[in-house]
Amino acid sequence: MTITDDLQKLLEILPQDLRQTLEQHPQRDSLVEVVLDLGRRPEARFPHKAEYLSELPVTQDAIDDCIKRVGTFGGDNRAGIEQTLHRISAIRNRSGKIIGLTCRVGRAVFGTIGMIRDLVETGKSILMLGRPGVGKTTALREIARVLADELHKRVVIIDTSNEIAGDGDVPHPAIGKARRMQVACPEQQHQVMIEAVENHMPEVIVIDEIGTELEALAARTIAERGVQLVGTAHGNQIENLIKNPTLSDLVGGIQAVTLGDDEARRRGSQKTVLERKAPPTFEIAVEMTERQRWVVHESVADTVDSLLRGHQPTPQVRTVDEEGKVKVVRHLTAINGNGGNRHHAISGEESLMPARQANGWRSSGQMLPLPLTSGDRNPGQVEFDRLLDQSMGFTDSIGFSNSQSAGPNGEDLPLHIYPYGVSRSQLEQVVQVLTLPVVLTKDIDSADAILALRSHVKNHAKLRQMAKARQVPIHMIKASTIPQISRGLRRLLNIDDPDFTDERELQLFLHNGTDDEMDALEEARLAVEQIVIPKGQPVELLPRSASVRKMQHELVEHYRLKSHSFGEEPNRRLRIYPA
């Protein structure tokens, strides 16, 4: 990276004693800002510490002397230094007199967007999020330069506070060939945004700090005209924007909708839910958690939909190591056997361009399931705020927890089950893999419940009589298959069926546990969880052998969906249909 900061020009506006102290300071090159408050000691702030520059308090004369050496303060109480990126912000008293200054060092850092250059080149609109001081404006400036100089696009910057392209009429060289439109006062930013599109034919609009509803609406108008947007907004994460009614339109907006009975039953939710209102203004979002660690949401629409349905998204985490090499990691969440969360960091590098790897899709980190998280569902909660809190609240009250102290009818756990017509080996496999509190018994007198095939019970009056005499309930399943058995055991233990399968449950459908089987099951799971269920579209899988297709059919049945095999060998494959 190449850094240009013109630090000497900022030091020249400070009182002479402070200037000399900073010029000789060992951490001079990492200075973040200088704070001058009337009656207090002057303070210099660095990335990880702050220290006083003098034991003498700042006087009004010292502040007035600094003000004379900078430009005019605008309506946002910000000023600059000609041909630099430095920002001087004022604090005023009630009468309007300036009694404090924050002198922020502005740096042009070339090469900062190496982590997301592939996203910039796609032509999609990008929203940058992050706390103050994390480098949003620096990244915005570099994106504008790359788009204008290296990708040869017509770029217009809406520079409300002259923070992107510096103070004065001539923009700073850090923005390259991009053009800059200044804004007379912050309240007019949305008007200048529209004016830029109507008058100057840009291919890209760059905006810093979208903060009002009018600016959010102007951004949507620009995006709908086919212009690429690159901007920043107030908020650390996408969840902050969803909860912010002023800016939620940037990610599509949210509205309360009423589902039909069938759809509510399929989703396993109440009838009134929150859904995204429109396509997001920005297709890609980047959460700048640290200067060298950015969280990338490649599809804002999918992320918002997942959050509103109570699922946690699986974004990319991009970092830069000491050698300047970009690493891409996915952090995924699965549900463990005790109902708690365990986080999986799929380490190892991903290609910035998606591609299937030679040793199976599982190794790319893209095939793990989306987790199921759910809050307490109250059919009476239809107020918008309550729905939003419910959608955004991730809880651990899910899964097949074995921490219950009593069965559904007050029985002591583990639950003793007498199987009738059901494969004992399959039962043992389900109990072992899912760690269910169940013990199989051959003595009906010691059983708490009977798990039987429906066809056997209908033709076996003696079994019904024995169960009635001993007051043992009979739970029936249609077939002796893994999905039917696991569903029947969950009913016995009052455990809800999960909407999404975790990695343990896949073991139920494996016969030999080969890489080909695991790859095929993960392919089917990805298709169901990311296309068939959320988008309601049928999906065709890759050709597989008959034994592997059988396992895929069982997995699809686990989701209560239908699938059929079609085609001729060796190209016979599965087609999965939505409910």
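This is a predicted model: local features need pLDDT of at least 70, side-chain atom pairs count only at pLDDT 80 or more; totals for chains, interfaces and linings use all residues.
Mentor: Residues are numbered from 1 along each chain as its sequence is written, and side-chain values use heavy atoms, without hydrogens and water.

Trainee: What makes β4 and β5 edge strands?

Mentor: The open sheet has six strands in the order β4-β3-β2-β7-β6-β5, with antiparallel pairing. Strands are DSSP runs of E, at least two residues long, and helices are runs of H or I, at least four, numbered from the N terminus. Two strands pair if DSSP finds at least two bridges between them. β4 (49–52) and β5 (78–80) each pair on one side only, as edge strands.

Trainee: How do you know that β6 pairs with β7?

Mentor: Six bridges join β6 (residues 87–92) to β7 (residues 98–104), and the definition asks for at least two, so they pair. Arg 92 stands opposite Ile 98 in β7.

Trainee: Why are α6 and α7 called roughly parallel?

Mentor: Angles run from 0 to 180 degrees between N-to-C directions, with axes fitted to C-alpha atoms, for helices over the stretch in contact (heavy atoms within 4.5 Å). Helix α6 (residues 189–200) and helix α7 (residues 213–224) pack at about 10 degrees, with axes 8 Å apart. Angles under 35 degrees count as roughly parallel, over 145 as roughly antiparallel, 65 to 115 as roughly perpendicular and the rest as oblique; α6 and α7 are therefore roughly parallel.

Trainee: Which residues of α6 meet α7?

Mentor: Gln 189, His 190, Met 193, Ile 194 and Val 197.
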